[in-house]
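Let's take a walk through this model together, starting with the overall layout and then moving inside.

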Amino acid sequence: MQTTTLMLDLKDHEISALLMLCRCDHRGTLAQLCDSPEQASALRSALDEIAWQLASSGHEGAIAALSQLAVE
């Protein structure tokens with residue numbers, strides 16, 4: 001497996017949409033959109049990585065999303 005860093009220029013509404021997909025209550029729906037459990041897992045991992053990157057740069061919405069995941 002190779003790790004790649006992406007530099008993304010995202011607008012606020014795009015970041016909000018990504019963070020919404022990271023929420024626990026949307027993860028089941030997200031899995032239904034994928035063809036296999038492996039795809040769903042890879043997509044969740046990618047979204048989590050984006051959330052971690054945003055949180056590490058101080059994005060409050062990402063910090064809140066990750067805090068919610070840690071609690072549930």
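**From layout to core**

The protein has 4 helices and 0 strands, and along the sequence they follow the pattern α-α-α-α. Keep in mind as you look around that this is a predicted model.

Of the protein's 72 residues, 21% count as buried. The accessible surface comes to about 5,500 Å², with 57% of that belonging to carbon and sulfur atoms. For contacts with a separation of 6 or more, residues 24 or more positions apart account for 48%.

Now let's turn to the interior. In soluble globular proteins, nonpolar side chains tend to be buried together. Here, the largest nonpolar core has 12 residues in all: Ile 15, Leu 18, Leu 19, Cys 22, Leu 30, Leu 47, Ala 51, Leu 54, Ala 55, Ala 62, Ala 65 and Leu 66. Helix 1 (12-22), helix 3 (37-56) and helix 4 (60-71) each supply at least two residues of this core.

Setting aside neighbours within four places in sequence, Ala 51 is in contact with Leu 19, Cys 22, Ala 62 and Leu 66.

Next, how do helix 2 and helix 3 pack, and at what angle? Helix 2 (residues 24-32) meets helix 3 at about 135°, and their axes lie 9 Å apart. That angle makes helix 2 oblique to helix 3, and their crossing is right-handed. On the helix 2 side, the contact is made by Arg 27, Leu 30 and Ala 31, while helix 3 contributes Ala 40, Leu 43, Arg 44, Leu 47 and Asp 48.

Technical notes
Residues numbered from 1 in each chain as written. Predicted model: local features only at pLDDT ≥ 70, side-chain atom pairs only at ≥ 80, totals over all residues. Heavy atoms only, no water. Core = buried A, V, L, I, M, F, W, Y, C linked by side-chain atoms within 4.5 Å. Buried < 20%, exposed > 50% of the residue type's maximum accessible area, 1.4 Å probe, protein only. Contact = heavy atoms within 4.5 Å. Areas by Shrake-Rupley, 256 points an atom, 1.4 Å probe, with all protein chains shown as cover. Axes fitted to C-alpha atoms, helices over the stretch in contact; angles between N-to-C directions. Parallel < 35°, antiparallel > 145°, perpendicular 65-115°, else oblique. Left-handed = near helix turned anticlockwise from the far one by under 90°.
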